[in-house]
Amino acid sequence: MAYSSSTQDFVTLSDLHPSLARPNVIGVVIGKTDVRGFPDRKNIGSERYTFSFTIRDSPTYFINVNSWGREEYIRSLSESFRVGDCVTIENPLIQSKEAEREEKFNPVTPSCYKLILSENHSVVRTFSCYEMDTKLLSLLHLPVKDPQDYYSLGDIIANGQSLDGRILNLLAAVMSVGEPKYFMTSDKRKGQRCEVKLYDETEMSFPIVCWDNESIQLAQSWIPRETVIFASDVRINFDKFRNCMTATVISKTIITTNPETAEANVLFSFIKESAQSGGLNDKMMQQSKDSVNLETIVDVYTVEQLKVKALQSDVKLEPIYGVIYGYISTLNIDDNASKVVRNRCSTCRFIVNEMSNTCTFCSDISSDLKSTFASFEILVDVTDHTGTLYSCYLSDCVAEEALGCTVQEFLTLAEDKKTALKWQLLLERSKIYFKVTLSPSWRTGMKVNVLSCKLADPIEASQTLLRKETGNKRLCH
């Protein structure tokens, strides 16, 4: 069976067979990998390049397409289309696939075959969404797996490390999309990373990490607190560093944006109702208090040791968590209230624009459904006997706990009362939990968030520092 376009006939993917002569196919791109280079066994010293993609022409049928060739040809072909584009392929080679071997690294497809593109004999043409058949466009919103076959985020967290290394499906909403981070690996290859936070009715913050340009570009198109994704075949891992479960987009993964399924519609309704009622804010506030388990943070640093550790790595990706026994050396809370209190959006908790008092992250929600609330946003300096960390963030509920008062109570205090409050914490030996992320745009090169700041037990502080100093001396000898 074939169906016709204005210029030529196309064979449906379900009717492909190796005996077909010069077949033409059409489909929408639902998945795509980055270009990679490999040593060419036939020409020692040179490289061959490859990338693959997956096309779909019906709700039940899709197929993987592999392309090999010169770097110039492969990169040009890869850059000519993205996930969501419609492509026609003229004269691909149809090969039987070795399912067990190939589906270990490629999306699982219902087809017995795969398509191979030849630089000399195959032609790929791209169509914009305006030229596409609406039937093809609708396929972008159909998951490639059973729409009921997925784990909720709460299920993943409940199962914990028993799911470490498992490949499974997710249905979740997008809470936030991080900025892509670029780095150089130890063998001088360029790399990239982007972390997206997901949520659903069961969990308010769950990280999924993208390591390839294609998935990162797709993620940049998602709208926080509005987009829902069905991610098939993501890898689940337990992150020992952060002590939490995470998901990773891999070469097998196919992500369906805003799926049109009954299960997704329930999640869409949850997003809308949470935004309108402010329920999302309540859950996020609780989540922000519980998201970092301080009991899991056991590494003790001096300021000098932390600076060395933070700046010594070539691959600056994961945050550093730890404890410093030091003191707050700068705490200007009695100067100008506008410098330490900022307004946050009640819906998403992001700081709002001071001039317009509007949130740039959820501006699509009607203004009469949104409100703002005052929150601490204090820059402090943290000092010990080895040095100072400048401009550390003491924010939100962590600041309220450290100061022993709410924002509302603070704003009613007279200036002398604010000064007295400052000296309850300033220059007092404290146990300070922190999170450090490398940030080239930050003037110190790293961004420090205070996770907890309480007056230290003198005996605990002295014994801990003594043990650390003794351990360092042993290492030196």
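**Close-up views of a predicted model**

The protein chain exposes about 24,900 Å², of which carbon and sulfur atoms supply 50%. The model shown here is predicted, and the legends below begin with the chain as a whole before turning to single elements and residues.

**Figure 1. The protein chain as a whole, with its twelve helices and 24 strands.** Of the 477 residues in the protein chain, 48% are buried. The structure holds zero disulfides.

**Figure 2. The largest nonpolar core, made up of 36 residues.** The residues with the most contacts inside this core are Ile328, Leu331, Ile378 and Leu403. Ile378, when residues up to four places away in sequence are not counted, touches Leu331, Ile333, Val340, Cys392, Tyr393, Leu394, Ala399 and Leu403. Apart from this core lies another one, of 26 residues, which includes Cys210, Ala219, Ile229 and Phe238.

**Figure 3. Helix α9, residues 396–403, and the residue that follows it.** Six of the eight residues of α9 are buried, so the helix is largely enclosed by the rest of the structure. The buried residues of α9 are Asp396, Cys397, Val398, Ala399, Ala402 and Leu403. Two of these, Ala399 and Leu403, are also touched by Ile378, and Leu403 is one of the residues with the most contacts inside the largest nonpolar core. Just after α9, Gly404 takes a positive phi of about 75°.

**Figure 4. Helix α1, residues 71–79, and the elements that cover its buried residues.** Tyr73, Ile74, Leu77 and Ser78 are the buried residues of α1. Because these residues cover an arc of only 125° around the axis, they lie on the same side of α1. An α-helix has 3.6 residues a turn, so residues three or four places apart point the same way. The face of α1 turned away from the buried side carries Glu72 and Glu79, which are exposed. The cover over the buried residues of α1 includes the strands β3 (24–32), β5 (47–58), β6 (61–69), β9 (113–117) and β10 (123–127), together with the helix α5 (213–220).

**Figure 5. Asn91 in the loop between β7 (86–90) and β8 (93–96).** Although Asn91 is found in a loop, this residue is buried, with a relative accessible area of 15%, because buried means under 20%. Leaving aside neighbours within four places in sequence, Asn91 is in contact with Arg22, Pro23, Asn24, His121 and Ser122. Asn91 and Ser122 are 31 residues apart in sequence, yet from C-alpha to C-alpha they are 5.1 Å apart in space.

**Figure 6. Ser430 in strand β23, residues 430–438.** Ser430 is buried, with a relative accessible area of 0%. A polar atom of the Ser430 side chain lies 2.9 Å from the backbone oxygen of Glu428. When residues up to four places away in sequence are not counted, Ser430 touches Ile324, Tyr325, Gly326, Leu425, Cys453, Lys454, Leu455 and Ala456.

Methods. Residues are numbered from 1 along each chain as its sequence is written. This is a predicted model: local features need pLDDT of at least 70, side-chain atom pairs count only at pLDDT 80 or more; totals for chains, interfaces and linings use all residues. Side-chain values use heavy atoms; hydrogens and water are left out. A nonpolar core is a set of buried Ala, Val, Leu, Ile, Met, Phe, Trp, Tyr and Cys residues joined through side-chain atoms within 4.5 Å. Buried means under 20% relative accessible area, exposed over 50%, partly exposed in between (1.4 Å probe, protein chains only). Contact means heavy atoms within 4.5 Å. Helices (H or I, at least four residues) and strands (E, at least two) are DSSP runs, numbered from the N terminus. A polar contact is a pair of N or O atoms within 3.5 Å; within protein, one must be able to donate a hydrogen and the other to accept it, and residues adjacent in sequence count only if both atoms are side-chain atoms. Accessible areas come from the Shrake-Rupley method with a 1.4 Å probe; for residues, only the protein chains shown count as cover. The arc is that of the directions from the helix axis to the C-beta atoms. A disulfide is a pair of cysteine sulfur atoms within 2.5 Å.
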